[in-house]
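Subject: Handover of a structure and the findings from it

Dear colleague,

Please find below the structure that I am handing over to you. My notes on what was found in it follow directly after.

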Amino acid sequence: MEVNECHLKAEGSDWHTIHGCNVHMRIARRIQRTVVRGGEGDDLVDEGAESAVYSITGEMSMVDYQAVLIIFRQGQPWFHDPFENRQMKVVFSEVDYDSATGEYRFTLIEDIDPDDA
């Protein structure tokens, strides 16, 4: 897989490749925080759950954008994570496209399968 390629697909369909994309990934762990009164500060518990958020940006033609919209509207999409070289279910939380410039931003959130946890 090329560094500047992103791969998306709808359930049961072929992969759609976006050329010239930039992927930014942010991972956060779920932390439970309890403030201990009269004690030595906070009690932090690492719950171990991770949630990855991917921001995909770049420029694309209207034809490519329409193909992504089809994936967006067909149900549960899949994304190929370029950092860990794995395929995962995701949810589109944001789709932004400027038809004048072709600039876009898609925000995808990893959908954790409880059976895999």
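A residue is called buried when its relative accessible area is under 20%, exposed when that value is over 50%, and partly exposed in between. By this rule H7, with a relative accessibility of 13%, counts as buried because its value falls under 20%. Please note that the structure is a predicted model.

Overall architecture

The protein contains one helix and seven strands. Along the sequence, these elements follow the pattern β-β-β-β-α-β-β-β. The protein has 117 residues, of which 31% count as buried.

Strand β1

H7 belongs to strand β1, which covers residues 5-10. The side chain of H7 is joined to the side chain of E5 by a polar contact of 3.5 Å.

Salt bridges

In general, side chains of opposite charge can pair when their charged atoms come close. Two salt bridges are present in the structure, and a network of such bridges links E84, R86 and E110.

One of them joins the side chains of R86 and E84, at 3.7 Å from N to O. R86 is partly exposed at 28% relative accessibility, and E84 is likewise partly exposed, at 46%.

The other bridge is formed by the side chains of E110 and R86, at 3.1 Å from N to O. E110 lies in strand β7 and R86 in strand β6 (residues 86-97), so this pair ties together parts that are 24 residues apart in sequence. Is E110 buried or exposed? With a relative accessibility of 14%, E110 counts as buried, because the limit for a buried residue is under 20%.

E110 also takes part in a further approach between separate stretches of the chain: its C-alpha atom is 4.5 Å from that of V90, although the two residues are 20 residues apart along the chain.

Charged surface

Which residues form the negative surface patch? The patch is made up of E59, E94, D96, D98 and E103. Of these, E103 lies in strand β7, which spans residues 103-110. E103 counts as partly exposed, with a relative accessibility of 44%. Strand β7 therefore holds both E103, a partly exposed member of the patch, and E110, a buried partner in a salt bridge.

Yours sincerely

Key:
Residues numbered from 1 in each chain as written. Predicted model: local features only at pLDDT ≥ 70, side-chain atom pairs only at ≥ 80, totals over all residues. Heavy atoms only, no water. Patch = residues over 30% accessible without salt bridge, like charges linked within 9 Å, V, L, I, M, F, W, Y side chains within 5 Å. Areas by Shrake-Rupley, 256 points an atom, 1.4 Å probe, with all protein chains shown as cover. Salt bridge = Lys/Arg side-chain N within 4 Å of Asp/Glu carboxyl O. Lys, Arg positive; Asp, Glu negative; His and termini not counted. Charge placed at Lys NZ, Arg CZ, Asp CG, Glu CD. Helix = DSSP H or I, 4+ residues; strand = E, 2+ residues; numbered from the N terminus. Buried < 20%, exposed > 50% of the residue type's maximum accessible area, 1.4 Å probe, protein only. Polar contact = N/O pair within 3.5 Å; in protein donor to acceptor, adjacent residues only side chain to side chain.
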